[in-house]
Amino acid sequence: MSITNTSIWRALKSHAQAMQSSSIASLFDDEPERASNRMIQSCGLTLDFSKSKASHETFNLLEMLAEKTDLKRKAGELTSGQMLNNTEQRSALHTLLRARPGEHHSDLADKYAEVEAALKQVERLSREVRSGAWVGSTGQRITDILHIGIGGSYLGPRMIDEALTPYNDGTLKCHYVANVDGHHIDHVLRDLNWESTLIIIVSKSFSTMETRVNATSAQQWLLQHMEQGDLDKHLVAITNNVTAACAFGVGQENIIPIWDWVGGRYSLWSAVGLPIALGYGFETFRALLDGAAEMDQHFLTADFHHNMPMMLALLGVWYHNFLNMTSHAVLPYDHWLRLLPDHLQQLDMESNGKSVTSEGKTVDYTTGPLIWGGEGTNGQHAFHQLLHQGTGIASIDFLLPLRPHHGRTEHHDWLVASCLSQSQALMQGKSAEEIDANTSDLVRSHKVMPGNRPSNTILLDQLTPETLGSLVALYEHKVFCQGMVWDLNPFDQWGVELGKILGENVYKMIEGASDPDSVDPSTNNLTEIYKSIRNKDD
Ligand code: F6P
């Protein structure tokens, strides 16, 4: 039975009609302690959802929806390794990757032993490279890491690496190449010295086109200067496909495994996070995992009204399915968190961008929203116009670390003031009466701010490896809960496959090895235009 046929869904629908016109500001009058009541603190994070468009009744109905969709039980199934990814017959055990010794589920001892062994490899490799014990083929110390991977094998580590910049001691510099666009690798290789560069190829499948092409170019770059046998000093792979990595030329000793029960977008906690251990030391990587493990415990144990991931998830469902908000913006007020929206785009949209339930029935409700965002305060001078006066209302998370890593108090005071006043402006708006009486009717109509636009604010005590781990795990569990409410399988991504197959065929057409009739006239015409230029340039 579809969730839309349940009494709780119908109750939320009719409650939404009443709430559409209600004002967030008046909710503070109805609930005098709202500012402090509608707040959850855990894991060095504070989720303030007092500016939500949700009343006492809304929260109670959302709690009933959480119960109806069995979120507590499903959280237990996730962490105990149940086969939640039913189309690929896999569990989704990213929580096991960060579990502290002795704190994993008793049924998962064998898998945990593999996790520990891989973490030991990460620790050994990062210690050797950082200490200078690992040297390149000519005896030079490694100074630069080139990480090659895409999607989950890129976005997570790249985002964490940048977010931890204040902790960087400069021992190693990490560079990332994801796109098959040759401009990128061309640009990166130009500045690297092969003698002091270690290349990490990260691909769960070891078959992703972009990673294969970039890795081949990088390997050729190395082989211009060294024999095949010396590659072991410069080439490491993180993969579930050890055979393919060996066939590519990576030494068996230099391959660290990941497993099919880790989804790409949840893999930064595995050896995929190697650049974090290399760049910051293994202890910092462990601290990141510990922060995530702390959030896992919070998720599993806190009741609905005090459970950050569940609250974020259910408020998201409320806005998306009942108040018709079509997108969700993530606005970190921290320069070093500016890549978080990119990571969350994959996490959320690849997980919940689905139109059939886990049992294959077409849904009759909307599922995953469009996720977007960017760093504050920059966005205020760009896309915030739409947030304040546009017609497509977005739900919003403002993120703000309280303590900066610099001593520039004036800067941080302005950053905090900007963040807090944006959510205030969105809620409060500005009526026609509040606008200067001398303003013409035309200009007045343009200056009116509708207000009554909700947002969450997530405060971080400070952006540390621990709070960062907790924050990312918070969003993982939020996405999981929403997937469960929408009855989806959030752990597969079949929608990306067709493009890969058609891409192979167009590539063959460019190479003259596939029939033009195999594509539509438009695609054929565009391919021919490219071929005529390419052939001329040749
Ligand atoms: O094409 C989508 C995808 O499979 C993602 O889910 C994944 O994170 C990415 O490609 C990279 O895959 P791999 O790690 O196997 O190269």
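1. Starting with the helix packing: H1 (residues 7-20) sits against H4 (residues 56-68) at an angle of about 160°, and their axes are 10 Å apart. Here axes are lines fitted to C-alpha atoms, for helices over the stretch in contact, with angles running from 0 to 180 degrees between N-to-C directions. That angle makes H1 roughly antiparallel to H4 (under 35 degrees counts as roughly parallel, over 145 as roughly antiparallel, 65 to 115 as roughly perpendicular, and the rest as oblique). The helix and strand labels come from DSSP runs numbered from the N terminus, with helices (H or I) of at least four residues and strands (E) of at least two.

2. Before going on, a word on the basis: this is a predicted model, where local features need pLDDT of at least 70 and side-chain atom pairs count only at pLDDT 80 or more, while totals for chains, interfaces and linings use all residues. Residues are numbered from 1 along each chain as its sequence is written, and side-chain values use heavy atoms, leaving out hydrogens and water.

3. Back to H1 and H4, which cross in a left-handed way (left-handed if the near helix is turned anticlockwise from the far one by less than a right angle, right-handed if clockwise). H1 brings Ile 8, Trp 9, Ala 11, Leu 12, His 15 and Met 19 to the contact, and H4 brings residues including Leu 61, Leu 62, Met 64 and Leu 65; contact means heavy atoms within 4.5 Å. By class, this contact has nine nonpolar, two polar and two charged residues (Ala, Val, Leu, Ile, Met, Phe, Trp, Tyr, Cys and Pro count as nonpolar, Asp, Glu, Lys and Arg as charged, and the others, Gly among them, as polar).

4. H19 (residues 465-485) packs with H5 (residues 71-79) at about 120°, again with axes 10 Å apart. The two helices are therefore oblique to each other, and H5 passes H19 in a right-handed crossing. Leu 71, Lys 74, Ala 75 and Leu 78 of H5 meet His 477, Phe 480, Cys 481, Met 484 and Val 485 of H19. Seven of these residues are nonpolar, one is polar and one is charged.

5. H15 (residues 340-352) also packs with H19, at an angle of about 25° and with the axes 10 Å apart. That makes H15 roughly parallel to H19, and the crossing is right-handed. Among the residues in contact are Leu 344 and Leu 347 of H15 and Tyr 475 and Val 479 of H19. The contact divides into seven nonpolar, five polar and three charged residues.

6. Now the ligand. There are 14 residues around the ligand, and Gly 152, Ser 153, Ser 203, Ser 205 and Thr 208 come nearest (near means that a heavy atom of the residue lies within 4 Å). A polar side-chain atom of Thr 208 is 2.5 Å from a ligand oxygen. For the side chain of Ser 205, an N or O atom is 2.6 Å from an oxygen of the ligand, and for Gln 346 the corresponding value is 3.2 Å.

7. Two backbone spots to look at. Most residues other than glycine have a negative phi, and most peptide bonds are trans. Gly 376 and Thr 377 are joined by a cis peptide bond, omega about 15°, with Thr 377 in the loop between strand E9 (370-373) and helix H16 (384-389). Cys 43 is not a glycine, yet has a positive phi of about 55°; Cys 43 lies in the loop between strands E1 (39-42) and E2 (45-48).

Notes. A polar contact is a pair of N or O atoms within 3.5 Å; within protein, one must be able to donate a hydrogen and the other to accept it, and residues adjacent in sequence count only if both atoms are side-chain atoms.
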